[in-house]
Amino acid sequence: MIKSINLISLFLLFIILTTYAPNFKTKKESIIFPIKSIEIENTKVLKKQRLIFVLEYLIGKNLLLVNQNSIKSDVMNFDFVQSFKIKKIFPSSIKIIIKEKKPVAIYIFEKNKYFISEKGDLIKYIENENYRNLPLLFGKKDYFKSFYTKLKSVTFPIYEIASFNYFEIDRWDIILKNKKTIKLPNKNYIQALDNFLDLKSKKSFEKYTIFDYRISNQLILK
């Protein structure tokens, strides 16, 4: 009989813990596994103390009841956060493991600056030593994700790029840090990129600064 009562009690506790959706921002504190500390891990740009401040309402709450959904809106409100995981450290600590978005260019739009990720996500621009020397992006950003993916597919040395310039006729110019300009066609530009990569290491082409591929099956050097 006692065993049956214990089983029923455990079952009811399980139901409560798995179905109860607490309002974490109320002041009431838990007597079961109260959270006493919050740790933030794996941040490169995001200030840990800012995130801890936003999540401070978790202090004193039941560690068992905290999950991804209960704090998602607060964590994902930070521009640089791509995703996150929760690690519970019993009896009283919670660790938030952040995956940050990685900027690959600085997007210039109407005199404003934004970071842009390789997935095309816009990120609020802040001064940061890690991303000070990123290439600039001018023109429409909508096609950047596709273009960047193709650059990576041909192993283009992106670290040598000073700027990407998109034109409304649906084509790109690439300006390199050594002042050379690659003018790509609006179609079949993968072939042009492959050709440029073959030529760039040859001494005979060092004197040229413009590699113009805009006319089909032609390369104009200047």
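The buried residues of helix H4 (144-153) are covered by elements that include strand S4 (103-109), strand S5 (112-117), strand S7 (136-138), strand S8 (161-167), strand S9 (171-176) and helix H5 (189-199); helices (H or I, at least four residues) and strands (E, at least two) are DSSP runs, numbered from the N terminus. The structure is a predicted model, in which local features need pLDDT of at least 70 and side-chain atom pairs count only at pLDDT 80 or more, while totals for chains, interfaces and linings use all residues. Residues are numbered from 1 along each chain as its sequence is written, and side-chain values use heavy atoms, with hydrogens and water left out.

In H4, the buried residues are Phe144, Phe147, Tyr148 and Leu151. Viewed down the axis of H4, these buried residues fall within an arc of 95°, so they line one face of the helix. The arc is taken from the directions that run from the helix axis to the C-beta atoms. Buried denotes under 20% relative accessible area, exposed over 50%, and partly exposed in between (1.4 Å probe, protein chains only). After H4 comes Thr155, which has a positive phi, near 55°.

Helix H5 has Tyr189, Ala192, Leu193, Phe196 and Leu199 as buried residues. Seen down the axis of H5, they fall within an arc of 125°, so they too line one face of the helix. The exposed residues Gln191 and Asp198 are carried on the face of H5 that is turned away from its buried side. The cover over the buried residues of H5 includes H4, S9, strand S10 (181-183) and strand S11 (210-212).

Backbone geometry is considered next. Most residues other than glycine have a negative phi, and most peptide bonds are trans. Phe33, which is not a glycine, has a positive phi of about 45°. This residue is placed in the loop between helix H1 (2-19) and strand S1 (37-41). Phe33 is partly exposed, its relative accessible area being 33%. Glu110 likewise has a positive phi, near 50°, and is a residue other than glycine. The loop between S4 and S5 contains Glu110, and Glu110 is exposed, with a relative accessible area of 62%.

A cis peptide bond is found between Phe90 and Pro91, with omega about 15°. Pro91 belongs to the loop between strand S2 (81-89) and strand S3 (93-100).

How values were computed. Contact = heavy atoms within 4.5 Å.
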